[in-house]
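Keep the sequence and the model side by side as you read.

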Amino acid sequence: MQTNLPAFGDGPTALVGRGDELARCAELLASVATAGQAVLIEGDAGIGKSTLVNVVAAVAEEQDFRVLRCVGVEGETPFGFAGLHELIHPLLDRLPALPIGQRQALEVALGRSEGSQPNRLMIWLATLSLLEEYAAEQPALVVVEDAQWLDTSTAQAIAFAARRLSTVRLLLAITMRTDSAVGGLEAPEGGSAAVIRSVGMPRLLLGPLNQATSMDLLRAEQPGIDDRELQLVLAQAAGNPLALIELGRARSSAPNTVGTSGEQWLPTTRRLEQAFLSGNSQLPERSRRLLLLIAAAPEASVGQLLAAGEREGLGPEDLAPIERARLAGVVNGRIVLRHPLVRSAVYGGATFAERTAAHRTLAEAADDPDRSAWHAAAAVTDHDDSVAAALECSSARARARGALTEAVAALRRSAVITSGTAERARRLAMAAEIARQAGDVAEGAMLVREADSLAGSPDVVAHLALTEVALTRTALVPGRSAEDLLALAERLGGPSGSDNPMQRLRVLATAATAHCVSGLPDDLRQRLRHAIELASCAGGEAIAQVGRVLLFPEEYAVQTRPRLTELLRVVADGLLSTEVERWPSRPQMIIGVGLMADTLQDFAAALSCWSLGVDYFRRTGAPGDESWALQERAWARVFLGELRDGLADAELARQISSDLGLRVVAADAAITAARAYSWSGDDARAVAAIAQSRSLAGGEDHPALKARVSWAEGVLALNQHRYEDAWDALRATQTHPTVRLLAIADLTEAAVRTGHPERSMAALAAVSESATRFAGPYLDNLVQRSLALTAAGPEAEKYFELAVEGAERNPGALELARTQLMYGEWLRRRRRIVDAREHLEAALRTFDRAGAHLWTGRAAAELRAAGGSTARPAKVPEQPDGAPDATGALTAQERHIALLAAEGLTNREIADRMYVSHRTVGTHLHRIFPKLGITNRTQLQAALSHAQPPRS
């Protein structure tokens, strides 16, 4: 694209030496005609980032782009969504166009309405949806300057939008500093900077100007500069445009104040600070005091700053010298410093006593309790419990608006200035759990370690243990082992061993979940059970039962399985209770009972429990926990033969957990998706999902993940008749106590197919013993089928008959259908055609109903060979991939959207349900229609008549 780009600014300080960068930006502007783009423009302070985006904005406006922009302000980092409010304030009249859930979340986040704590993903989606609305009629340029100083909640919303711009005619240009901050201010390398960099968007790095360009710029700015001073400024500025201008001005006005030979070692930013300080030193004393107030609160309005100045005897007239010195000016009701380095120069150049006094004045003058609390905290030199309490209240307000990162920051600072150890530990523990919910894994882990060394309260100790384990389970953060948790429970028992029974039970039940992940030695399991019995108390029986069953599922299966309905009622009643617990145990009960139902192979009960969890976590604004519950529900649904619903849950869990950085959940969801794709015969997607799971898990020690991946790989190899590969993969499932049971039929089949049935005999014998103790129809079917495969003659028939016995009680519809298919094959080869048809027809019906296309084809072929009819009700033509289901050509997300639309949900309702924007839903529907051979959504119901609607 060829564009005549205008020069920067007015007069001699033209934008020079940036031809390549401007050309790249011009290309990006042109590319948004087909897809949204994001670019990160990085460089040192003063290198010309703002100048470049100003030129790009001018060019964009000439090309009929809309332009929207915001600027990160250093003082706003503690205040959640401050930057987002500035960015989208001009778009708030478009809020009614958003899905209701997204709109309500954003209105609460911005303080425009009251409501329960909003789901952060909904806030992010609302931001994306508003940007899509903005760019719907004409292309848009969104400029975010100084992103390193954005509040983290705003940075997260912008990063989320940057990842999902594929269907938006929008260029998102973000500027960010690469150098460290100076003058005693916090460096911009972490926080928002890390959030923005995590997107992985293309980078445009602005380097220093070359010598010739630097000389031209300096002479244009300072026509009368002599050669000696010119060379000195060139050496000091090192190609930095702002330094060339400011150092040149400083030398022209006070030649002896900047750049002495002893300062040649200073970095360019420090020299620039000294140049700005030289301008500050020439101000009247009253103006210098006002400038320090501005530097201490650059986010404040003119009225707020003048109110603070009035307490110091300062007035509007003291602002005039600051404006004349070009250090700051009034823009849109705010006093804006000429450059962020002015703030670091003024603030860093003040004494500690001066800065403290400034913050105290600002705290007293603030009309906003959050700003007052933060300025008061900045003025605290040791401990101040009243200010600490104010910050805790500020944290609660931030949390209520969904600004979880800022809520954590307020609690952390509150803890620092808290005098009492117990209160400090409590606040750090609360911060750790909120950080976990926010997806800030590193911060959560660090806060747990910090609080753990101080915690004495049993409630706080137990809460920290649960937070740490949750971090380990969802994000592979190293944490306490089950042995450590047992020792902790013993400490909580006190000298008598009987203190704090409820807290001990919660810690012990959490330790028991480790057996589901990695398996525990028998002696440790016995010690944990003994500790649970000692801690059993009134009100804690449900938690104790969860711990017992997770540790010894075979022993407690028969007596516990009938009680699952009662336990589910306890969970449901607890979730509906309005009683507020200091340390909520509701998530623990959801997870504990759900894992227990999974372990007992009662997948219907597991589905009910995880569905309660999905609803609860969505309602309480905890998307990370929601993704965990979604993944577990997907796992149960695949076992139950609900492949479409299971795949929809798995893909949504994968999407949410990936957005939040929860590696374990995303990896597990990918495995579940792979299993569903394998049942459906979609090998390419199964392979991709398995590869993603392995990549996410990396080399981490997570036995459950490794065993599940191996199982998925083995099943895929079996489907593709790669029997040795299947055997090699499935052998690895035997290292995990639960997966070894569920994979036994696949392991046995792989051994038989390789011609070495004896390979599986030891494992089969062990699982047969377990099945006897479990006494459940699901595992019985797998074991009897395996025995049938390894038996000969009439004995095989006996095992097949036992395998299909009680089919109506077996929740594993697909595995039962596999057994019926194998039995039908066995009977047909023995020419018992009529008997064979009965089982083959039953298998075909189940596979067809579930959408297990690979197995539908196999069952149909066997039935035809047995002389049976495979005629089914007429449906839409087969899809290009050969799948007989109309949804076979669709991705999991497309299938879910199509089914919801066929139910009558609007695009906005679907968007809230699936965590996407409503325009993304519309884009998907336009892709779906041609795949289904239809032209509008009124035809969806007929096109999808074979598919079951997804349940949520």
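Start with Arg-785, which sits in helix α41 (residues 777–790). Helices here are DSSP runs of H or I with at least four residues, strands are runs of E with at least two, and both are numbered from the N terminus. The model is predicted, so local features need pLDDT of at least 70 and side-chain atom pairs count only at pLDDT 80 or more, while totals for chains, interfaces and linings use all residues. Residues are numbered from 1 along each chain as its sequence is written, and side-chain values use heavy atoms, with hydrogens and water left out.

Is Arg-785 buried or exposed? Arg-785 counts as buried because its relative accessibility is 0%. Buried means under 20% relative accessible area, exposed means over 50%, and partly exposed lies in between (1.4 Å probe, protein chains only). What does Arg-785 touch, leaving aside its neighbours within four places in sequence? Its contacts are Ala-745, Ala-803, Glu-815, Arg-818, Thr-819 and Met-822. Contact means heavy atoms within 4.5 Å.

Now turn to the charged pairs. A salt bridge is a side-chain nitrogen of Lys or Arg within 4 Å of a carboxyl oxygen of Asp or Glu. By this rule the model holds 57 salt bridges. One of them pairs Arg-203 with Glu-42, with the closest N and O atoms 2.4 Å apart. Arg-203 is in strand β5 (residues 203–205) and Glu-42 is in strand β1 (residues 37–43), so this pair ties together parts 161 residues apart in sequence. The two ends differ in cover. Arg-203 is exposed, at 54% relative accessible area. Glu-42 is buried, at 1% relative accessibility.

Met-201 lies in the loop between α7 (192–197) and β5. With 10% relative accessibility, Met-201 is buried. Not counting residues up to four places away in sequence, Met-201 touches Ala-38, Val-39, Leu-40, Ala-162, Ile-174 and Ile-196.

Compare a second salt bridge. Arg-219 pairs with Asp-227, and their closest N and O atoms are 3.3 Å apart. Arg-219 is partly exposed, at 35% relative accessibility, and Asp-227 is exposed, at 53% relative accessible area.

Asp-318 is buried, with 7% relative accessible area. Arg-286 is partly exposed, at 33% relative accessibility. Elsewhere, salt bridges that share partners join Asp-746, Glu-749, Arg-753, Arg-785, Glu-815 and Arg-818 into one network. That brings back Arg-785, the buried residue of the opening.

How many residues of helix α46 (residues 892–902) are buried? The count is 10 of its 11 residues, so the helix is mostly covered. Among them are Glu-894, Arg-895 and His-896. The buried residues pack against α33 (643–660), α34 (663–680), α47 (907–914), α48 (918–932) and α49 (940–943). After α46 comes Gly-904, with a positive phi near 110°.

Pro-118 lies in the loop between α4 (100–109) and α5 (120–134). Its relative accessible area is 5%. Leaving aside neighbours within four places in sequence, Pro-118 is in contact with residues including Ala-400, Arg-401, Gly-402 and Gly-621. Gln-503 is in helix α24 (residues 501–512) and is buried at 16% relative accessible area. With the neighbours within four places in sequence left aside, Gln-503 contacts Pro-458, Asp-459, Ala-462 and Leu-492.

Glu-801, Glu-805, Glu-838 and Glu-841 form a negative surface patch. Such patches are made of residues with over 30% relative accessible area and no salt bridge; like charges are joined within 9 Å, and nonpolar side chains (Val, Leu, Ile, Met, Phe, Trp, Tyr) within 5 Å. Glu-801 belongs to helix α42 (residues 794–804) and is partly exposed, at 38% relative accessibility.

Terms used
Areas by Shrake-Rupley, 256 points an atom, 1.4 Å probe, with all protein chains shown as cover. Lys, Arg positive; Asp, Glu negative; His and termini not counted. Charge placed at Lys NZ, Arg CZ, Asp CG, Glu CD.
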